[in-house]
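Here are a few friendly notes to read alongside the model. Please keep the structure open as you go through the points.

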Amino acid sequence: MQSHYKTVIRKQDIGMRISALYRQQQLSIGILDAAGPDELKETLDWYMANMNCALHVVTLEDRLEEYGLAELYPDVTFICFRSLVTIGEQINAFADECYATYFLVVRSDQQVIGFSGAELIALMGDRRHPACITPIMLNCEMELLPTIRTPYIKGREISPMSFEPPVEPGKVTTNLYPVMALGLYDRALFQRLRGYDEEILGEYYQMLDFGIRVHLFGYTILTSSDFAVRFPAKHSLIEDRSSCEGMNRCYTRALSIHRIAGKNIVEKWKPYVDKKLLREEVKSKQIILQKTDFFTLVKEWGSEEA
C-alpha cells in the first residue's frame, strides 16, 4: 500500500543522504506523535538532551505547520502524513526513511526511564536473533503493566495470554509481539520480514501478525528489563482486540500451515481465511520459509528461556 506522507529532512541530513547510503548510523529514534503539542515538545527536548541519535517524528502535516515544529527543531526529521493512519503504517514509513542499523520506536505520551544502550545493542546479536526488543512498561503510579504475551488458541481464535515481565536487572523474556509496537528493531530484518501489514486496519492485529511472522520464520521478540518506559497519564493499557478489516490476513499467515514430520502442510483455518493471501503468499512463499508452526509455539513456548 502506498503511504501518503512527506518528509521534512533535518538540516544536517540534507548533505549527508548520499553518503548515508554507504555508511549507516547505528541507531535512529522515531517518536510517534501520540499526545498534545506540549508533550511532543517536552519529548523532543528530552531526547535531544539525552540521546545522541538521529531523531524522527511521525506526525500529521497540519500539526507540523500549525505549531511550526520544523522551525523550532531544525535538527529533527519530520515524517508527515496527510491524515490519520495506523501505527504499522507510521513505523513502516520511519523504517524506510531512517538510515540506521537499528531503529527505536517510542511515543510522545511516554517517558523512557531506563535504556542501557550498550547492553541492548549487544542483545541484538544474541543467538536467538531478535527482530525487536521491547521495554517493560509502567503506569502513572509506577506499577508494572502486564506486557508479556504468550501464544494461545481458544476455540478457533488466537487469544494471547498476558503476564507481567520480570524486572531483575538484565532479565530477558520472550514475547509474542511488541505491545503498542514500542521497541528497538533490527531494521534490515524488519524490512526482510516486510514490516507491518498495512492492509490490516486494526493495530492489535498488525502487532500480532508481525510478531507471529517473526517467530514462525525462526526469529524472536524479546522483552528486556534494561529498557523501561512509563506512561505518566495512563493507569492501564487497553488493546482493542475486536474484529477489523484485514484480520483474516493475520489468521491466514498464522494458522494455515501445519508442520508435520518436518514438512509444511497447508490447511485452511476456517472461518478466518483470506483466499487471495493464501494463494499468493502462503502457498507460494511462506510454506518454503516457515521454520515452525503456531501450534508448536503454543506447545513449546518458554522451553528455551535463558
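1. Let's begin with Gly183, which is part of strand S13, spanning residues 183-186. Bear in mind that this is a predicted model. Gly183 has a relative accessible area of 0%, so it is buried.

2. What does Gly183 touch, leaving out residues up to four places away in sequence? The list is Phe103, Leu104, Val105, Cys132, Ile133, Thr134, Pro135 and Phe227.

3. Next, the core. The largest nonpolar core contains 79 residues, and those with the most contacts inside it are Ile91, Phe103, Leu184, Tyr185, Tyr205 and Leu208. Helix H9 (residues 203-216) is the element that gives the most to this core, contributing eight residues. As background, nonpolar side chains in soluble globular proteins tend to be buried together.

4. Leu208 is worth a click. Setting aside residues up to four places away in sequence, Leu208 touches Ile158, Pro160, Leu176, Tyr177 and Cys250.

5. How do helices H10 and H11 pack? Helix H10 (residues 247-255) meets helix H11 (residues 275-289) at an angle of about 30 degrees, and their axes are 11 Å apart. Angles under 35 degrees count as roughly parallel, so H10 is roughly parallel to H11. The crossing of H10 past H11 is right-handed.

6. On the H10 side, that contact is made by Arg249, Thr252 and Arg253, while H11 supplies Leu277, Leu278, Glu281, Val282 and Gln286. By type, the residues of the H10 and H11 contact comprise three nonpolar, two polar and three charged.

7. Now some backbone points to inspect. Most residues other than glycine have a negative phi, and most peptide bonds are trans. Between Lys270 and Pro271, the peptide bond is cis, with omega near 10 degrees. Pro271 sits in the loop that runs between strand S16 (263-266) and H11.

8. Met142 is not a glycine, yet its phi is positive, at about 65 degrees. Met142 belongs to the loop between strand S7 (130-138) and strand S8 (148-150). Its relative accessible area is 46%, so Met142 is partly exposed.

9. Arg194, also a residue other than glycine, has a positive phi near 70 degrees. You will find Arg194 in the loop between helix H8 (187-192) and H9. Is Arg194 buried or partly exposed? Arg194 is partly exposed, because its relative accessible area is 46%.

Conventions:
Residues are numbered from 1 along each chain as its sequence is written. This is a predicted model: local features need pLDDT of at least 70, side-chain atom pairs count only at pLDDT 80 or more; totals for chains, interfaces and linings use all residues. Side-chain values use heavy atoms; hydrogens and water are left out. Axes are lines fitted to C-alpha atoms, for helices over the stretch in contact, and angles run from 0 to 180 degrees between N-to-C directions. Helices (H or I, at least four residues) and strands (E, at least two) are DSSP runs, numbered from the N terminus. Angles under 35 degrees count as roughly parallel, over 145 as roughly antiparallel, 65 to 115 as roughly perpendicular and the rest as oblique. A crossing is left-handed if the near helix is turned anticlockwise from the far one by less than a right angle, and right-handed if clockwise. Contact means heavy atoms within 4.5 Å. Ala, Val, Leu, Ile, Met, Phe, Trp, Tyr, Cys and Pro count as nonpolar, Asp, Glu, Lys and Arg as charged, and the others, Gly among them, as polar. A nonpolar core is a set of buried Ala, Val, Leu, Ile, Met, Phe, Trp, Tyr and Cys residues joined through side-chain atoms within 4.5 Å. Buried means under 20% relative accessible area, exposed over 50%, partly exposed in between (1.4 Å probe, protein chains only).
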